[in-house]
Amino acid sequence: MKVRFGEIPEEGLRIEIRDEAWFPDHELQRTGPVQAAIVLKRNGLDRVILAGEIKTTIAFDCDRCLENYTMDLDDSFKLDLEYTATERLEPEEHEISPSEMDMIYLPEPVIDIFEILNQQIFLMIPEKHLCLESCKGLCPRCGTNLNMETCDCRQELKASPFSVLKKL
C-alpha cells in the first residue's frame, strides 16, 4: 500500500490496515491476527509525520531452554519522513544533528506503508528470545530442562587459570 504526499489531507489521514500481506510470515511464526493502524500528518510541503501501532502474537523458541512460547507484541512508533531530490540523498560528509537521526529521507513523495510496517515489526522483537526472564536453560551435561526438573549431574568446577589468584 503506497500513499502519495499529495493524497494526505491537511487534517491528516488515519488508515486501519486489515490486509496482512505485509507481515513477514516466511520469517516469523504468527499465532494471532495482526492489527495495525497508521496516522499520516503533513508537516510542510515535503515532510510527513507518520505515527502507528502494531499488535500481534508471535511464537519463538527460547534461546536458553529451547521450549516454544508466545509473545504479545503491542507497540507504537513515530517516524519523520521527508522527500528529497536524489542528489540530496548522498550529501557531503557532515556531522548529523539529533533531529536528522530520526528522519527518513525518501527519493520520491510516496510512502510505502507495508514496507514501514515490515521494518517496525522486526524492531519490536527483542534480540534475545527468553520464555521467562528467570529461565534456567538446559543442563550442559545431560540436556535436562532445568526449569522443569533438576538433574543429578555434579557441577564440577574446572581448573581455572585464575585459581592461582585465590591464594593471594
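## Terms and basis

Buried means under 20% relative accessible area, exposed means over 50%, and partly exposed lies in between (1.4 Å probe, protein chains only). By that scale L165, at 52% relative accessibility, counts as exposed.

This is a predicted model, where local features need pLDDT of at least 70, side-chain atom pairs count only at pLDDT 80 or more, and totals for chains, interfaces and linings use all residues. Residues are numbered from 1 along each chain as its sequence is written, and side-chain values use heavy atoms, leaving out hydrogens and water.

## Salt bridges

Side chains of opposite charge can pair when their charged atoms come close. A salt bridge here is a side-chain nitrogen of Lys or Arg within 4 Å of a carboxyl oxygen of Asp or Glu. The whole structure has four. One of them joins E20 and R30, with the closest N and O atoms 2.8 Å apart. E20 sits in the loop between β2 (13–17) and β3 (29–30), and R30 in strand β3, so the pair ties together parts ten residues apart in sequence. Strands are DSSP runs of E, at least two residues; helices are runs of H or I, at least four; both are numbered from the N terminus.

R30 also pairs with D25, at 3.1 Å between the closest N and O atoms. D25 is partly exposed at 40%. D80 and R47 form another bridge, 2.6 Å from N to O. D80 is in strand β6 and R47 in strand β5, so this pair links parts 33 residues apart in sequence. D80 is buried at 18%, while R47 is partly exposed at 27%. Shared partners join E20, D25 and R30 into one network.

## Surface patches

Patches are made of residues with over 30% relative accessible area and no salt bridge; like charges are joined within 9 Å, nonpolar side chains (Val, Leu, Ile, Met, Phe, Trp, Tyr) within 5 Å. E53, D72, D74 and D75 form a negative patch. Strand β6 (residues 68–83) gives the largest share, three residues. D74 lies in that strand and is exposed at 53%.

F162, L165 and L168 make a nonpolar surface patch, with about 420 Å² of accessible area together. L165 is in the segment after α2 (113–124).

## Cysteines

A disulfide is a pair of cysteine sulfur atoms within 2.5 Å. The structure holds zero. C151 is in no disulfide; its nearest cysteine sulfur, that of C139, is 3.5 Å away. C151 is partly exposed at 21%, and C142 is partly exposed at 42%.

Key:
Accessible areas come from the Shrake-Rupley method with a 1.4 Å probe; for residues, only the protein chains shown count as cover. Lys and Arg count as positive and Asp and Glu as negative; His and the chain ends are not counted. The place of a charge is taken as NZ of Lys, CZ of Arg, CG of Asp or CD of Glu.
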